[in-house]
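I set out to record what I looked up in this two-chain model. The entries follow in the order of my reading.

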Amino acid sequence: MTEHISPDDRLNELTAALPREVAPPPDLWTDIRAELAPRSARTIQWNTRWRLAAAGLLVAASSSILTLFAVRAREHAPSSVAATPKDTAPGAEPRLPAHMVVAERGYARSIDALWRTLDERRDSLAPSTVATVERSLRIADSAIAEARSALEHDPSNRVLAELLVSNYERKIDLLRRATELAPRT
Amino acid sequence: MTLARVHRIVTALVAAVASATTLHAQQKVHTAYATTPEVSVRLFASVGTVQVIGWDKDSVVVNGVVASGSQVSLGTPGIGPTRGLKLFIESPTEQAVREGSLTVRVPRGARVWLKTGSSDVTASEVTGGLDLNVVGGSITVHGSPRELRAESMDGAVTIDGAPSWMRVKTATGDIALRGGEDIGASTISGTIDARGGQVERAKLESTTGAIRFALGLARGASVEMETHSGPIDAQLSRKTQPEVDAATVTATIENVWSKIQPTPGREGRGMSLAIGGGQMGGRVVLRSFKGKITLRGM
């Protein structure tokens with residue numbers, strides 16, 4: 001007896017044979033991560049204070065957009081918009097690549113907004129928590145300053161640009177988490 | 001009766017009175033709810049320890065003691081199984097927090113959101129979702145929830161299962177994990193120790209903390225490790241032959257995993273190392289500003 005296979009059965013068979021998931025090429029992960037970043041902002045909805053939620057969402061969204069912008073700009077722009085050390089005339093000021101300058105402005109806005117929120121809530125946080133946050137922020141700032149200075153002197157260095165972006169993202173994430181802490185923690 | 005014996009008796013009496021006073025200053029908490037198997041539980045608890053245990057019953061049971069005077073809001077059990085619960089316990093003072101402890105039993109497939117101040121949190125046998133947020137305490141997760149988010153400011157986070165999706169963040173706390181499908185771990189100055197299991201996708205990053213990686217790589221795995229100044233110690237299997245792309249800005253790279261040696265960077269600062277891999281051996285990317293990168297065999 002011949003077994004009849006309907007088109008639906010055939011389709012099911014073919015789809016079942018597909019891999020459960022296909023990982024994108026590793027090179028795309030940076031972009032994908034930047035696109036997915038707003039997902040983490042969903043946790044903000046649990047915060048009962050609407051101002052914090054609104055500020056958090058704004059910061060998370062702008063941070064993600066800036067990261068995306070920075071990464072894309074880095075990939076599509078010439079290797080360095082700013083002069084590299086080799087091209088720089090003797091005595092010229094070291095400076096960041098243009099895409100990083102733009103990204104930094106956005107990071108600065110996000111950081112300022114989060115700092116203001118954190119300052120408003122500082123009295124409701126346990127002193128030990130404030131100390132931990134401040135100590136960690138100093139470490140983050142020190143790393144940012146070091147990477148930034150190095151990138152100014154070597155603006156075409158992609159590894160440096162990636163490290164600087166990551167340092168900013170970790171700092172912003174730390175600030176965001178600090179602002180979401182419950183009172184009397 | 002010797003003086004020493006009298007002293008011991010008096011000491012014992014004082015201890016007994018003190019213990020009774022402590023017990024008196026606590027109140028018991030007990031409540032139970034019929035729930036769906038995938039109930040969402042949101043718990044804010046400022047107590048000393050919280051245990052979340054998954055079990056095979058479609059019910060949530062909360063047991064424990066909290067400091068007297070605590071604000072306790074545990075809702076009212078309804079007639080039918082509930083799909084969502086909100087539980088709230090807040091101690092009257094910062095000092096009283098340590099006195100409380102809670103055990104929360106939930107269906108294994110539950111989704112649990114827990115926020116505490118300085119609690120030590122342990123979760124076990126939950127296969128649904130866990131979202132654990134602690135400021136000063138530690139987080140320990142046994143088992144492999146489908147989704148896990150664990151954040152602690154300065155407490156340690158230990159994950160001894162292999163969640164499908166996991167994001168762990170600390171500021172100063174150390175992170176220990178054993179693999180999973182999709183892993184993200186980030187810290188400022190804590191260490192990250194990943195060993196004992198296998199991974200498909202991972203991103204491990206620190207600012208100053210050390211990163212130690214000794215996980216097996218699944219076929220086609222993608223692993224990124226990044227630090228500003230912490231050392232990275234990556235142990236890789238010689239069988240899987242992943243592609244390796246390592247670069248530092250000022251630090252050295254030591255490769256004792258294969259025979260290919262790193263090349264010095266421009267102007268003699270920093271190093272880079274590129275090793276081609278097998279077709280499905282996966283890819284490992286290592287980035288460091290000034291933390292030494294070491295590649296070793298496993």
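Entry 1, conventions and chain A. I took helices (H or I, at least four residues) and strands (E, at least two) as DSSP runs, numbered from the N terminus. On that basis I found six helices and zero strands in chain A, and I noted the pattern α-α-α-α-α-α along its sequence. This is a predicted model, in which local features need pLDDT of at least 70 and side-chain atom pairs count only at pLDDT 80 or more, while totals for chains, interfaces and linings use all residues. Residues are numbered from 1 along each chain as its sequence is written, chains are lettered from A and ligands numbered from 1 in the order in which they are written, and side-chain values use heavy atoms, with hydrogens and water left out.

I next looked up burial, where buried means under 20% relative accessible area, exposed over 50%, and partly exposed in between (1.4 Å probe, protein chains only). Of the 185 residues of chain A, 43% count as buried. For contacts (heavy atoms within 4.5 Å), I considered those in chain A with a separation of 6 or more, and residues 24 or more positions apart account for 79% of them.

Entry 2, the interface. The size of an interface is often given as the accessible area lost when the parts come together. I used buried area in that sense (1.4 Å probe, summed over both parts). Chain B and chain A bury about 3700 Å² between them, with 53% of it on carbon and sulfur atoms. I found 47 residues of chain B in contact with 40 residues of chain A.

I then looked up salt bridges, each a side-chain nitrogen of Lys or Arg within 4 Å of a carboxyl oxygen of Asp or Glu. There are five between chain B and chain A. In one salt bridge, the side chains of B:Arg287 and A:Glu162 meet at 3.6 Å, N to O. On the side of chain B that touches chain A, strand 16 (residues 192-206) of chain B gives the largest share, five residues. I divided the residues of that side into ten nonpolar, 16 polar and 21 charged, with Asp, Glu, Lys and Arg as charged, Ala, Val, Leu, Ile, Met, Phe, Trp, Tyr, Cys and Pro as nonpolar, and the others, Gly among them, as polar.

I took a nonpolar core as a set of buried Ala, Val, Leu, Ile, Met, Phe, Trp, Tyr and Cys residues joined through side-chain atoms within 4.5 Å. The largest has 65 residues, of which B:Phe213, B:Met225 and B:Leu286 touch the most other members. Strand 17 (residues 211-227) of chain B gives the most to this core, seven residues. Leaving aside neighbours within four places in sequence, I found B:Phe213 in contact with residues including B:Ala194, B:Val223 and B:Leu236. A second, separate core of 34 residues includes A:Leu96, A:Val130, A:Ala150 and B:Ala247.

Most residues other than glycine have a negative phi. Which loop holds B:Glu125? I found B:Glu125 between strand 8 (120-124) and strand 9 (129-134) of chain B, with a positive phi of about 65°. B:Glu125 counts as partly exposed because its relative accessibility is 41%. B:Gln241, in the loop between strand 18 (232-236) and strand 19 (243-248) of chain B, has a positive phi of about 50°.
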